[in-house]
Amino acid sequence: MSAPIIAIDAMGGDFGPRNIVQASLACLTATPSLHLVLVGQAPLIEELVSGHEAVDRSRLRVIHASEAIAMDERPSQALRGKPDSSMRVALELVASGQAQACVSAGNTGALMALSRFVLKTLPGIDRPAMIAAIPTRSGHCQLLDLGANVDCSAEALYQFAVMGSVLAEILGVATPRVALLNVGTEDIKGNQQVKRAAGLLQSASGLNYIGYVEGDGLYRGEADVVVCDGFVGNVLLKSSEGLATMIAARIETLFQRNLLSRAVGALALPLLKRLQTDLAPARHNGASLLGLQGVVVKSHGSASVSGFQSAIQRAIVESGENLPQRLRGRLETVFQGGRT
């Protein structure tokens, strides 16, 4: 599988282009066939690139964009008032076929609004959804929506389930188990949207819907794809990241209390480092915007260099697997076979 051309919004995120440029150059080194387009304030980007003498400029382009979207900017302002923003120019490269994917750490609301406007949604999809991998006891679970859609209808949850199942298949799960996140596993539990979505999923053709799953069941690995609205998903994601960070800090503190605990800590250090790596938010950084006619990956605004690299790697995989085209074909099959 040859690596695609990825357009990078170099001005998005909390730290500006420094981390983004460094992560992009690291990905170029790690993937010899990769081509990147850095979009943003060209003089600043070129200055950052010039500090890395070993860069293969034949695989790196810099495109100037005169505007940048602030992290607290209203999506409507970004959509109407900044036609030359780095985010929009990067998305337009995907729409025109000059790039196969876009990666941005910028304003989530603006990215969603611009992606829908520039790339459009796939047939049968009302709203794109954000999806990312959550670590579980047995591996990973794909969780969506993560905040793109705070209020969701039953039909939207149904569409999210279909898209999440297709992505899980692309990532190597033969028959993904799809579940709705709920406050209980019994049929009588849940709000009206979740109950109606369950009815739609039970009649879906070619979808391995297994019913409801609770939060603890998600982490036990009871499902491969877990569906919820964006309000619940975002709270769950942020809580998970905070819990992982807190546990790591508490363990480190415990092992520093006295000489004996430091000795025990030294013995356990290799296992603790491995656990910390497995649970580190940076390793799982990069949420896909599913349902668009193009690949778009949203990175955390505060992502480290390694975290932004993870987001780029996700874009490489999804564009290489032609995710939008595969989604289109699968959506047609499922919608025609299981629901009209």
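**Charge, helix, cores and domains**

Q: Over which ring does the charged end of Lys 120 sit?
A: This is a predicted model: local features need pLDDT of at least 70, side-chain atom pairs count only at pLDDT 80 or more, and totals for chains, interfaces and linings use all residues. Residues are numbered from 1 along each chain as its sequence is written, and side-chain values use heavy atoms, leaving out hydrogens and water. A charge sits over a ring if NZ of Lys or CZ of Arg is within 6 Å of the ring centre and within 35 degrees of the ring normal. For Lys 120 the distance to the centre is 4.8 Å, and the ring is that of Phe 117.

Q: Within what arc do the buried residues of α2 fall?
A: Helices (H or I, at least four residues) and strands (E, at least two) are DSSP runs, numbered from the N terminus. Buried means under 20% relative accessible area, exposed over 50%, partly exposed in between (1.4 Å probe, protein chains only). In α2 (residues 42-50), the buried ones are Ala 42, Ile 45, Leu 48 and Val 49. They line one face of the helix because, seen down its axis, they fall within an arc of 130°.

Q: Which residues on the other side of α2 are exposed?
A: The buried residues of α2 are covered by elements including α1 (17-30), β2 (35-40) and β3 (60-64). On the other side, the exposed residues are Pro 43, Glu 47 and Ser 50.

Q: What is the relative accessible area of Ser 319?
A: Ser 319 lies in helix α11 (residues 305-320). Contact means heavy atoms within 4.5 Å. Leaving aside neighbours within four places in sequence, Ser 319 is in contact with Pro 4, Ile 6, Gln 100, Ala 101 and Val 295. Ser 319 is buried, and its relative accessible area is 9%.

Q: Which residues touch the most other members of the largest nonpolar core?
A: A nonpolar core is a set of buried Ala, Val, Leu, Ile, Met, Phe, Trp, Tyr and Cys residues joined through side-chain atoms within 4.5 Å. The largest has 40 residues, and those touching the most other members are Val 39, Leu 91, Leu 143 and Val 226.

Q: Between which domains does this core lie?
A: Domain bounds come from an automatic or database domain assignment. Both domains give residues to the core, so it lies between domain 1 (1-125 + 291-322) and domain 2 (131-284).

Q: How many residues does domain 2 bring to the contact between the domains?
A: Taken over C-alpha atoms, the centres of domain 1 and domain 2 are 26 Å apart. Domain 1 brings 13 residues to the contact, and domain 2 brings 14 residues.

Key:
The arc is that of the directions from the helix axis to the C-beta atoms.
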